[in-house]
Every structure is written in C-alpha cells, then in structure tokens.
Amino acid sequence: QDQLEESGGGLVQAGDSLRLSCAASERTFSSAHMAWFRQAPGKEREFVARITRTGSLLNYADSVKGRFTISRDNAKNTVYLQMNRLKPEDTAVYYCAAQDVMGTGKYDYWGQGTQVTVSS
C-alpha cells in the first residue's frame, strides 16, 4: 500500500526551527518528485516546496524562500522540510505529497498531515 507518513510537527515560538519528515514506501519514493503543502485554518491548501526525484531541482513558495529547505534521502525513502525563523503565519497542517515522474502531473499520494503551530 502506498503511504506517506509525516512527523516532526509541534508547538514552537516565533523565530524557532522545526524539521518535518515524511517517510514513504520505497516503491512510491523511488519514482516520485516530492513536495510539501500546508493548510491554515479557514484557508485553501497551498504549495510550500518541491524537490525532484534526483534532488536536482528545488522550488519554493515566495513566502518561505530563504527560511525553509526541502531535501530528500533516497536511501531512507524520506523527504524533509527544515523550517527556520518560523513565523505565526506559518501555522498550518503540513502535508507531504508524491508526484509520480511518469504520471499526469498531479500529486498521486498524500500523507495525513502534521500540525505546526507557531506562537508569537
């Protein structure tokens, strides 16, 4: 079964750091570009960051550029999101997603999400 499982969320203060992890099955991870999205209360889900299967290309939302870093460990089938200088507006449920490199361009698999809360 193809599953993604996020971890690492929590309650932090503004200016703190957190690292989110997302573990996937080898079958899913080895053939996918990986991304992080987030959804704040009352808002639509939004793109945060993406990394290609080989890790050669990274993309970030303007709101997190310079503060967040996406990376992946292909040996561990895990993608990470290092979040530094967190702001209250980063509070959201964070989801990882997998986009099959041979697919339609949609994100085929999603995790259940992990809550990140940043207090001011």
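The model is predicted, with local features requiring pLDDT of at least 70 and side-chain atom pairs counting only at pLDDT 80 or more, while totals for chains, interfaces and linings use all residues. Residues are numbered from 1 along each chain as its sequence is written, and side-chain values use heavy atoms, with hydrogens and water left out.

Colleague: How many of the residues of strand 4 are buried?

Modeller: Strands here are DSSP runs of E with at least two residues, numbered from the N terminus, and strand 4 covers residues 32–39. Buried means under 20% relative accessible area, with exposed over 50% and partly exposed in between, for a 1.4 Å probe and protein chains only. On that scale strand 4 is mostly covered, its buried residues numbering 7 of 8.

Colleague: Which residue of strand 9 stands opposite Ala35?

Modeller: Two strands pair if DSSP finds at least two bridges between them, and strand 4 runs antiparallel to strand 9 (residues 92–100), joined to it by 8 bridges. Opposite Ala35, the residue in strand 9 is Ala97.

Colleague: Which residue has a positive phi in the hairpin of strand 4 and strand 5?

Modeller: Strand 4 also pairs with strand 5 (residues 46–51), in the antiparallel sense and over 5 bridges. Between the two strands of this hairpin there are 6 residues, and the positive phi, near 75°, belongs to Gly42.

Colleague: How far apart are the closest N and O atoms of Glu46 and Arg38?

Modeller: In strand 5, Glu46 is the bridge partner of Arg38. Arg38 is buried at a relative accessible area of 6%, whereas Glu46 counts as partly exposed at 35% relative accessibility. The two also form a salt bridge (a side-chain nitrogen of Lys or Arg within 4 Å of a carboxyl oxygen of Asp or Glu), and their closest N and O atoms are separated by 2.6 Å.

Colleague: How many residues apart in sequence are the parts that Asp90 and Arg38 tie together?

Modeller: The side chains of Asp90 and Arg38 meet in a salt bridge at 2.9 Å, N to O. Because Asp90 lies in the loop between strand 8 (78–83) and strand 9 while Arg38 lies in strand 4, the pair ties together parts whose separation in residues is 52.

Colleague: Which residues do salt bridges with shared partners join into one network?

Modeller: Arg67 and Asp90, both buried, have side chains that meet in a salt bridge at 2.8 Å, N to O. Through salt bridges that share partners, one network is formed by Arg38, Glu46, Arg67 and Asp90.

Notes:
Helices (H or I, at least four residues) and strands (E, at least two) are DSSP runs, numbered from the N terminus.
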